[in-house]
Amino acid sequence: MPDTIDFLKTRRSVKPREMTGSGPSSAELEVILTIGARVPDHGKLAPWRFIIFEGDARKRAGNVIATVFARKNPDAPVEDIEVEKRRLMEAPLVVAVVSIIKPHPKIPPWEQELSAGASCMNIVSAATAMGYGANWLTGWMAYDRDVLEGLGLVANEKIAGFVHIGGKPDRVIEDRPRPELKDVVSRF
């Protein structure tokens, strides 16, 4: 148990641009996604699915993102459009966790969205535990319906997160400031 607690106390996100080397193998990815699917899920609805972006798929998705960005920002400099085109290129693997709201009389959308968020965190934790760098990101494109449709999502689906996975950098990742418990804990 102490190893698990130490892991959770020291887990850090790695910026995609700082990821080195390759991503997980197919077998490792299967383990990561299996863990991503082992989350609280009231009603066993599986209100999420995964889209894998690796290799050329990252470029194709980047073209979708850049095309939508350019159309909605006609005065954007070419450099900005190129940045959007490379959004998913820094890490060797990106897993989009798609939140799917499934109408149910007893299970509200909020609980289903929380389950998708838990899936993102499980994927980050599993990848990190396997020795990879991981980062859960969204960005404007996670909320833009034209991008979502271009990536194959339908009307009742949203992106809960793009989880970037790749090799850890060769340096220690500095922790960011964390809240003091006295500032975020109260007793009723």
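Lys44 is placed in the loop between helix 2 and strand 1, where helices (H or I, at least four residues) and strands (E, at least two) are DSSP runs numbered from the N terminus. The model is a predicted one, in which local features need pLDDT of at least 70 and side-chain atom pairs count only at pLDDT 80 or more, whereas totals for chains, interfaces and linings use all residues. Residues are numbered from 1 along each chain as its sequence is written, and side-chain values use heavy atoms, with hydrogens and water left out.

Although Lys44 is not a glycine, its phi is positive, at about 55 degrees. Most residues other than glycine have a negative phi. With a relative accessibility of 78%, Lys44 counts as exposed; the classes are buried for under 20% relative accessible area, exposed for over 50%, and partly exposed in between (1.4 Å probe, protein chains only). Ala46 lies in the loop between helix 2 and strand 1 and also is a non-glycine residue with a positive phi, of about 50 degrees. Ala46 counts as partly exposed, at 29% relative accessibility.

Helix 2 comprises residues 26-36, and its buried residues are Leu29, Ile32, Leu33 and Gly36. Viewed down the helix axis, these residues fall within an arc of 95 degrees, so they line one face of helix 2; the arc is that of the directions from the helix axis to the C-beta atoms. Ala27 and Glu30 are exposed on the other side of helix 2. The cover over the buried residues of helix 2 includes strand 1, strand 2 (93-100), helix 5 and strand 4.

Phe50 is found in strand 1 and is partly exposed, with a relative accessible area of 23%. Residues up to four places away in sequence being left out, Phe50 touches Leu33, Gly36, Ala37, Val95, Ala96, Val97, Ser119 and Ile123, contact being defined as heavy atoms within 4.5 Å.

In helix 5 (residues 109-129), Gln112 was examined. Gln112 is buried, with a relative accessible area of 2%. Its side chain reaches the backbone oxygen of Ile107 at 3.2 Å. Such a polar contact is a pair of N or O atoms within 3.5 Å; within protein, one must be able to donate a hydrogen and the other to accept it, and residues adjacent in sequence count only if both atoms are side-chain atoms. Not counting residues up to four places away in sequence, Gln112 touches Leu45, Pro47, Ser99, Ile100, Ile101, Lys102 and Ile107.

Across the whole structure, 11 salt bridges are found, each defined by a side-chain nitrogen of Lys or Arg within 4 Å of a carboxyl oxygen of Asp or Glu. One of them joins the side chains of Arg49 and Glu157 (2.8 Å, N to O). This pair links distant parts of the chain, with Arg49 in strand 1 (residues 48-54) and Glu157 in strand 4 (residues 157-167), 108 residues apart. Arg49 is partly exposed at 28% relative accessibility, whereas Glu157 is buried at 6%.

A salt bridge of 3.0 Å (N to O) is formed by the side chains of Asp146 and Lys72. Here too distant parts of the chain are linked: Asp146 belongs to helix 6 (residues 145-150) and Lys72 to helix 3 (residues 56-72), 74 residues apart. Asp146 counts as partly exposed at 30% relative accessibility, and Lys72 as partly exposed at 41%. The side chains of Arg87 and Glu84 likewise meet in a salt bridge (2.8 Å, N to O). Arg87 is partly exposed, at 30% relative accessibility, while Glu84 is buried, at 6%. Through salt bridges that share partners, Arg71, Lys72, Asp144 and Asp146 are joined into one network.

Gly152 is placed in the loop between helix 6 and strand 4 and is partly exposed, with a relative accessible area of 46%. With residues up to four places away in sequence not counted, Gly152 touches Arg49 and Glu157, the two partners of a salt bridge described above. Gly152 and Asn122 are 30 residues apart in sequence and 23 Å apart in space, C-alpha to C-alpha.
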